[in-house]
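Subject: Structure handover and findings

Hello,

Here is the structure for you to look over. My notes on what turned up follow below it.

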Amino acid sequence: MSIITHRARIIGPVSYLSGSGRRQNIPIGPCLVESLGGRSIDIIWGARGQNSVALPIEEIEAAQDGGHLVLLD
């Protein structure tokens with residue numbers, strides 16, 4: 001299984017369920033989008049890539065369609 005990584009930017013609200021069970025937004029700014037070929041995609045953000053969340057592919061597609069997530073490459 002190969003990992004596909006894209007540079008991307010969050011430019012609008014993209015929410016996820018945090019470990020505490022609360023809905024939070026991924027901060028606006030640069031991120032990485034990694035696909036392992038499954039039904040979820042990892043979003044990685046932070047100055048050192050210290051934050052990440054796995055989201056269903058449908059949520060990623062909705063964020064792209066809504067203009068909130070833009071792939072840069």
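First, a term: helices (H or I, at least four residues) and strands (E, at least two) are DSSP runs, numbered from the N terminus. On that basis, helix α1 is followed by G67, whose phi is positive, near 80°.

Now the ground rules. This is a predicted model, numbered from 1 along each chain as its sequence is written. Local features need pLDDT of at least 70, side-chain atom pairs count only at pLDDT 80 or more, totals for chains, interfaces and linings use all residues, and side-chain values use heavy atoms, with hydrogens and water left out.

The sheet

Pairing of two strands requires at least two bridges between them in DSSP. Five strands form an open sheet, in the order β6-β5-β4-β1-β7, with antiparallel pairing. β6 and β7 are the edge strands, each pairing on one side only. Neighbouring strands of this sheet are turned by 30° against each other on average, direction ignored. For angles, axes are lines fitted to C-alpha atoms, for helices over the stretch in contact; values run from 0 to 180 degrees between N-to-C directions.

β1 has these partners. Seven bridges join β1 to β4, and the two run antiparallel. H6 stands opposite V33 in β4. A8 has C31 as its bridge partner in β4. β1 and β7 pair over three bridges, again in the antiparallel sense. There, I10 stands opposite L69 in β7.

The helix

α1 lies across β5, β6 and β7, running at about 100° to β6. Which residues of α1 are buried? They are I57, I60 and A63. Buried means under 20% relative accessible area, exposed over 50%, and partly exposed in between (1.4 Å probe, protein chains only). Seen down the axis of α1, the buried residues fall within an arc of 120°, so they line one face of the helix. The arc is taken from the directions from the helix axis to the C-beta atoms. The general rule: an α-helix has 3.6 residues a turn, so residues three or four places apart point the same way. The cover over the buried residues of α1 includes β5, β6 (51-56) and β7. Contact here means heavy atoms within 4.5 Å.

Salt bridges

How many salt bridges does a search of the whole structure find? Two. The criterion is a side-chain nitrogen of Lys or Arg within 4 Å of a carboxyl oxygen of Asp or Glu.

- D73 with R7: the closest N and O atoms are 4.0 Å apart. D73 is in the segment after β7 (69-71) and R7 in strand β1 (residues 4-10), so the pair links distant parts of the chain, 66 residues apart. R7 is partly exposed, at 48% relative accessibility.
- E58 with R39: the closest N and O atoms are 2.3 Å apart. This pair also links distant parts of the chain, with E58 in helix α1 (residues 57-65) and R39 in the loop between β4 (29-35) and β5 (40-45), 19 residues apart. E58 is partly exposed, with a relative accessible area of 43%. R39 is exposed, with a relative accessible area of 55%.

Aromatic pair

The count comes to one aromatic pair. Y16 and W45 form it, tilted, at 5.6 Å centre to centre with 55° between the planes. Y16 lies in strand β2 (residues 15-17) and W45 in strand β5, so the pair ties together parts that are 29 residues apart in sequence. Rings of Phe, Tyr and Trp (its six-membered ring) pair if their centres lie within 6.5 Å; planes under 30 degrees apart count as stacked, over 60 as edge-to-face and the rest as tilted. Both Y16 and W45 are buried.

Around Y16

R22 sits in the loop between β2 and β3 (23-25). R22 counts as exposed, at 53% relative accessibility. The C-alpha atoms of R22 and I60 are separated by 19 Å, and the two residues are 38 apart along the chain.

N25 is found in strand β3. N25 counts as partly exposed, at 47% relative accessibility. N25 and P13 are twelve residues apart in sequence, and 5.9 Å apart in space, C-alpha to C-alpha.

Best regards
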